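Me: I would like to learn how to read salt bridges and surface patches in a protein model. Could you take me through them one at a time?

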Amino acid sequence: MEINSNFTENAKNDFHLVVKARGGSQRAYADLMQRYKDSIYFMVLKMVNNKEDAMDLTVETFAKAFEKLEKYQPEYAFSTWLFRVATNNCIDFIRKKKLNTTSIHGLTDEDGEEKQLQIKADVLNPEETSIKKQQTEELRLLIQSLPARYRNLITLRYFDELSYEEIAQQLDLPLGTVKAQLFRARYLLGNIMNRFDRDDI
């Protein structure tokens, strides 16, 4: 994969991060999110004119972009490609009027209850324990790059292990809001984690 000789320094830096991300570097994914999450958010906000929808669509844009990263070709700057992904995502959202989350499988069971967000569920030997610890730290790094609303919810639920009721009380939110936002957060983070799982195969 050859880099476009007309790229700016920023575009060249992005290209090198994309190469690292394709090689399985979670830090590279996080760096790309950190670079563009604000500009993507404000572009999306202009299109949908709703702050909460814009935040959701921003995170979803990165999830979709990372899912399709193998398809990115450096004929154009990564930022150009990423903004195209964001624009298409917004157009789909506007057409549907609401995001279709009812067809999402894999993070909830048949009764709609959440499944545990786990890196590995088996009994681990010392080497695997070390790997899991490293993966957990990489997951924390990814979470830190998410918008504050999702970062707080995921941290409280999966690292602090608080109940829905405790989270609702701590954040002063209705219980239903906490459940709905956690479902969204699990889905978006799950998309990114699934990408890493495939890279490990």
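**Reading the salt bridges**

Reply: Start with one residue and its surroundings. Arg-95 is exposed, with a relative accessible area of 66%. Keep in mind that this is a predicted model.

Me: Which residue does the side chain of Arg-95 meet in a salt bridge?

Reply: A salt bridge needs a side-chain nitrogen of Lys or Arg within 4 Å of a carboxyl oxygen of Asp or Glu. Here the partner of Arg-95 is Asp-92, at 3.9 Å from N to O. Both residues belong to helix H4, which covers residues 78-96, and they sit three residues apart, about one turn of the helix. Asp-92 counts as partly exposed, at 32% relative accessibility.

Me: How many salt bridges does a search of the whole structure find?

Reply: The search finds three. Another of them joins the side chains of Lys-12 and Glu-9, with 3.8 Å between N and O. These two are separated by about one helical turn, because they are three residues apart in helix H1, residues 9-22.

Me: What about Arg-35, and which residue does it form a salt bridge with?

Reply: Arg-35 pairs with Asp-14, and their closest N and O atoms are 2.6 Å apart. Arg-35 lies in helix H2 (residues 26-48) and Asp-14 in helix H1, so this pair ties together parts that are 21 residues apart in sequence.

Me: How do I read the accessibility of Arg-35 and Asp-14?

Reply: Apply the cut-offs again. Asp-14 has 1% relative accessibility and counts as buried. Arg-35, with a relative accessible area of 39%, is partly exposed.

Me: Now the surface patches. Which residues form a nonpolar patch on the surface?

Reply: To join such a patch, a residue needs over 30% relative accessible area and no salt bridge, and nonpolar side chains are joined within 5 Å. In this model, Met-47, Ile-91 and Ile-94 form a nonpolar patch. Together they have about 200 Å² of accessible area.

Me: Where is Ile-94 found, and how exposed is this residue?

Reply: Ile-94 is found in helix H4. Its relative accessible area is 35%, which means Ile-94 is partly exposed. Helix H4 also holds Arg-95 and Asp-92, the pair we began with.

Technical notes
Residues numbered from 1 in each chain as written. Predicted model: local features only at pLDDT ≥ 70, side-chain atom pairs only at ≥ 80, totals over all residues. Heavy atoms only, no water. Helix = DSSP H or I, 4+ residues; strand = E, 2+ residues; numbered from the N terminus. Buried < 20%, exposed > 50% of the residue type's maximum accessible area, 1.4 Å probe, protein only. Patch = residues over 30% accessible without salt bridge, like charges linked within 9 Å, V, L, I, M, F, W, Y side chains within 5 Å. Areas by Shrake-Rupley, 256 points an atom, 1.4 Å probe, with all protein chains shown as cover.
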